[in-house]
Amino acid sequence: MITMTIAKAITNGLAKVLESNPKSVLIGEDIGKLGGVYRVTEGLQAKFGATRVIDSPLAESGIVGTSIGMSLRGYMPIAEIQFDGFVFPAYNQITTQLAKMRSRAEGRFGAPVVIRIPYGGGIGSVEHHSESPEALFAHTAGLRIITPSNANDAYWMIQQAATCGDPVIFFEPKRRYWLKGEVDLENPALDAFRAQVVREGNDATIVTYGPLVPVALAAAEASLEDGRSVEVIDLRSISPIDFDAIAESVEKTGRLIVTHEAPTFGGIGGEIASRIAERCFHSLEAPVIRVGGYHMPYPISKVEDQYLPDIDKVLDALDRSFAY
């Protein structure tokens, strides 16, 4: 076991990918000499060279398009998009080309590209730097979408993404980059595409992922004062979603809160709420409640704390569920 931040865990995970697969490359803006905006790729170009850690022009569509072409020639590209809001120039490449390659080839080959995207708010930044666009990609079949919430998952999930054979969007919760945790360098984490119960409970279930896992855990801890035992599930994979894990928990607790930073309107929480209402109708003691951002452009940093889900908002949702 070794203690490191989520950012450093991703750095070390990327290094393992580069070491184990000579066809793997990193590509993105300022990821080489600078080491990336958040220094996640710091030191990797010095260790592996400029042909393995490639500083690209400022052109997200070009980064993803080049990565697709390289993957079709046998390489394993891991592309970085500097910020969540910068991905949209590459949205066409991702959704109309990358996601459909295996289907277009009738399964004969795919395009195993990993796209790293720092996402979410809480960093006091300006427009286009704090968004949570995961639902836009989850709606597109052919993409796998995962997001770690702790250092151990970050270390192993980036490696699992690079070896799964399908295109993966790897969302990194940027406000948690400096969150420290223990990393087991010998024993791989749970399969990246499965959910994990990170706190057991009997009275209600909170499902969340990425940056809000610490918030959900804190809310569950606070609920003990009211005599409530709350289970917390870290979704980890946004596409596919591990509905079996959620259903098993809800059948035990009878209540479900789903929370994410992205707006509730059209968000991942709506899909989870609908599926669980279908599968667990007779187990539910109250309607599934969603807690998320508002249906509006991400606000200025001075008021982002009013936009983001926090412990109080999650506790309020639990109160509403128990009062039903």
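Look at β5 to begin with: Val114, Arg116 and Pro118 point one way from the strand, Ile115, Ile117 and Tyr119 point the other way, and all are buried (under 20% relative accessible area; exposed is over 50% and partly exposed lies in between, with a 1.4 Å probe and protein chains only). Six of the six residues of β5 are buried, so the strand is largely enclosed by the rest of the structure. In a regular strand the side chains alternate between the two faces of the sheet.

This is a predicted model, in which local features need pLDDT of at least 70 and side-chain atom pairs count only at pLDDT 80 or more, while totals for chains, interfaces and linings use all residues. Residues are numbered from 1 along each chain as its sequence is written, and side-chain values use heavy atoms, with hydrogens and water left out.

**The seven-stranded sheet**

- Seven strands make an open sheet with mixed pairing, in the order β3-β2-β4-β5-β7-β6-β12. Helices (H or I, at least four residues) and strands (E, at least two) are DSSP runs numbered from the N terminus, and two strands pair if DSSP finds at least two bridges between them.
- The edges belong to β3 (53-55) and β12 (237-239), each with a single partner strand, so one side of each is left without a neighbour in the sheet.
- On average, neighbouring strands here are turned by 20° against each other, direction ignored. Axes are lines fitted to C-alpha atoms, for helices over the stretch in contact, and angles run from 0 to 180 degrees between N-to-C directions.
- β2 and β4 run parallel and are joined by five bridges, with leucine 26 standing opposite isoleucine 78 in β4.
- Helix α1 (residues 6-20) packs on this sheet, touching β2, β3, β4, β5 (114-119) and β7 (168-173), and its direction makes about 135° with that of β2. Contact here means heavy atoms within 4.5 Å.
- Helix α3 (residues 60-72) packs on the sheet too, touching β2, β4 and β5, with its direction at about 170° to that of β4.
- β5 pairs with β4 in the parallel sense over three bridges, and valine 114 in β5 is the bridge partner of isoleucine 78.
- β5 also pairs with β7 in the parallel sense, over six bridges; there, phenylalanine 171 in β7 is the bridge partner of isoleucine 117.

**The five-stranded sheet**

- The order in this open sheet of five strands is β9-β11-β10-β13-β14, again with mixed pairing.
- β9 (196-199) and β14 (289-293) stand at the edges with a single partner strand each, so one side of each is left without a neighbour in the sheet.
- From one strand to the next, the twist averages 25°.
- β9 and β11 (residues 230-234) run antiparallel and are joined by three bridges, and arginine 199 stands opposite valine 232 in β11.
- Helix α8 (residues 213-223) packs on this sheet, touching β9, β10 (204-208) and β11, and its direction makes about 170° with that of β11.

**Aromatic rings**

- The whole structure holds twelve aromatic pairs. Rings of Phe, Tyr and Trp (its six-membered ring) pair if their centres lie within 6.5 Å; planes under 30 degrees apart count as stacked, over 60 as edge-to-face and the rest as tilted.
- One of them joins tyrosine 38 and phenylalanine 83, with centres 5.8 Å apart and planes at 65°, so the pair is edge-to-face.
- That pair links distant parts of the chain, 45 residues apart: tyrosine 38 is in the loop between β2 (24-28) and α2 (44-48), and phenylalanine 83 in the loop between β4 (76-80) and α4 (91-97).
- Tyrosine 38 is buried at 16% relative accessible area, and phenylalanine 83 is buried at 8%.
- Tyrosine 294 and tyrosine 307 also form an edge-to-face pair, at 6.1 Å centre to centre and 65° between the planes.
- Tyrosine 294 is partly exposed at 44%, whereas tyrosine 307 is buried at 5%.
- Ring pairs link Tyr38, Phe83, Phe86, Tyr177 and Trp178 into a cluster.
- Lysine 8 and tryptophan 178 are 170 residues apart in sequence but 8.4 Å apart in space, C-alpha to C-alpha.

**Cysteines**

- The disulfide count is zero, where a disulfide is a pair of cysteine sulfur atoms within 2.5 Å.
- Cysteine 164 is partly exposed at 27% relative accessibility, while cysteine 280 is buried at 1%.
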